[in-house]
Amino acid sequence: MNCIIYAVLFLCFYANVVTVEAEPEQIKASSYLIEKWKQWYKLNDFNHDGMLSLADPVLFENYFKGLDYISDQQLKNMTKRMDWIWNTIVLNNNTDISKDDFVDMMSQRYESDKIAFFELVRMYITEWCGVIDLNKDNSLSKSELLMDMVAGGHNDITKDEDLFYSFQPRNDQIPVHKMITSFIRFATEDVESKSDIFKNALDSGV
Ligand SMILES: [Ca+2]
Ligand SMILES: [Ca+2]
């Protein structure tokens with residue numbers, strides 16, 4: 001009888017050891033995701049100098065400063081959001097970042113905490129929509145999206161319009177929530193067979 005008790009205790013102990021020592025599943029970023037992060041980098045390189053730096057959002061903001069119908073308050077709001085996006089998410093408080101370092105940073109964020117990474121991407125695109133949605137109606141009109149693209153150095157209007165229509169807008173408007181879910185898919189989805197509006201647009205050379 002004692003032997004059986006000892007055997008049971010041993011098995012319980014062994015099971016605990018195995019449980020404690022089991023390695024947590026390592027989530028590695030797929031080559032498909034890394035390829036998309038490189039496209040994300042290029043998307044943000046507004047001045048096309050091959051680096052991401054504060055010069056990129058400055059160029060973006062200067063485009064809007066030249067427009068008569070953008071109020072001082074709108075510019076102030078834009079600058080505040082852009083500063084946060086760049087310093088917190090894109091540059092991670094560096095003055096500039098290379099493509100390789102950007103990909104390494106995203107990989108490290110993704111692999112250390114996938115849920116936190118999803119949240120980071122959600123905050124990124126939500127803030128972006130706050131920048132683009134100039135009239136704050138929670139929708140992006142064609143002119144709002146096109147201004148955003150041109151201000152960001154993506155000057156091929158035909159391709160920018162293709163991007164707009166790929167969202168299948170209703171009444172010529174893209175709901176902000178659709179933009180947010182589409183970008184989250186782009187920056188976090190590693191299943192290649194899933195449709196991806198941003199990936200398709202960037203593949204076409206937007
Ligand atoms: Ca740049
Ligand atoms: Ca709007």
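Which residues in α2 meet which residues in α5? In this predicted model, Ile-34, Trp-37, Lys-38 and Tyr-41 are the residues of α2 involved, and their counterparts in α5 are Lys-99, Phe-102, Val-103, Met-106 and Ser-107. By class, this contact comprises six nonpolar, one polar and two charged residues. Helix α2 spans residues 31-44 and helix α5 spans residues 99-112; their axes come within 10 Å and cross at roughly 125°. Because of that angle, α2 is classed as oblique to α5. The crossing of the two helices is right-handed.

This pair belongs to a protein chain with 10 helices and four strands. Read from the N terminus, the elements follow the order α-α-β-α-α-β-α-α-β-α-α-β-α-α. The protein chain has 206 residues, of which 25% count as buried. Among its contacts between residues at least 6 apart in sequence, 68% join residues at least 24 apart.

Helix α4 covers residues 72-90, and its axis and that of α3 come within 10 Å, crossing at roughly 170°. An angle over 145° counts as roughly antiparallel, and α3 is therefore roughly antiparallel to α4. The crossing of α3 and α4 is right-handed. On the α3 side the contact is made by Pro-57, Phe-60, Glu-61, Phe-64 and Lys-65, and on the α4 side by Leu-75, Met-78, Thr-79, Met-82 and Trp-86. The residues in the contact of α3 with α4 divide into seven nonpolar, one polar and two charged.

Helix α3 (55-65) also takes part in the surroundings of α7, whose buried residues pack against it. Helix α7 runs over residues 142-151, and its buried residues are Glu-144, Leu-145, Asp-148, Met-149 and Ala-151. Besides α3, these buried residues pack against the helices α6 (114-132) and α8 (157-166), as well as the strands β3 (139-141) and β4 (173-175). Just after α7, Gly-153 adopts a positive phi of about 80°.

The loop between α6 and β3 contains Asp-137. Is Asp-137 buried or exposed? Asp-137 counts as exposed because it has 12 C-beta neighbours inside 10 Å, and a residue with 12 or fewer falls in that class. Asp-137 and Pro-175 are 38 residues apart along the chain, and their C-alpha atoms are separated by 9.0 Å. Pro-175 lies in β4 (173-175), one of the elements against which the buried residues of α7 pack.

Notes. Residues are numbered from 1 along each chain as its sequence is written. Chains are lettered from A and ligands numbered from 1 in the order in which they are written. This is a predicted model: local features need pLDDT of at least 70, side-chain atom pairs count only at pLDDT 80 or more; totals for chains, interfaces and linings use all residues. Axes are lines fitted to C-alpha atoms, for helices over the stretch in contact, and angles run from 0 to 180 degrees between N-to-C directions. Angles under 35 degrees count as roughly parallel, over 145 as roughly antiparallel, 65 to 115 as roughly perpendicular and the rest as oblique. A crossing is left-handed if the near helix is turned anticlockwise from the far one by less than a right angle, and right-handed if clockwise. Two residues are in contact if their C-beta atoms, placed from the backbone, lie within 7 Å. Ala, Val, Leu, Ile, Met, Phe, Trp, Tyr, Cys and Pro count as nonpolar, Asp, Glu, Lys and Arg as charged, and the others, Gly among them, as polar. A residue is buried if 20 or more other C-beta atoms lie within 10 Å of its own, exposed if 12 or fewer, and partly exposed in between; C-beta atoms are placed from the backbone.
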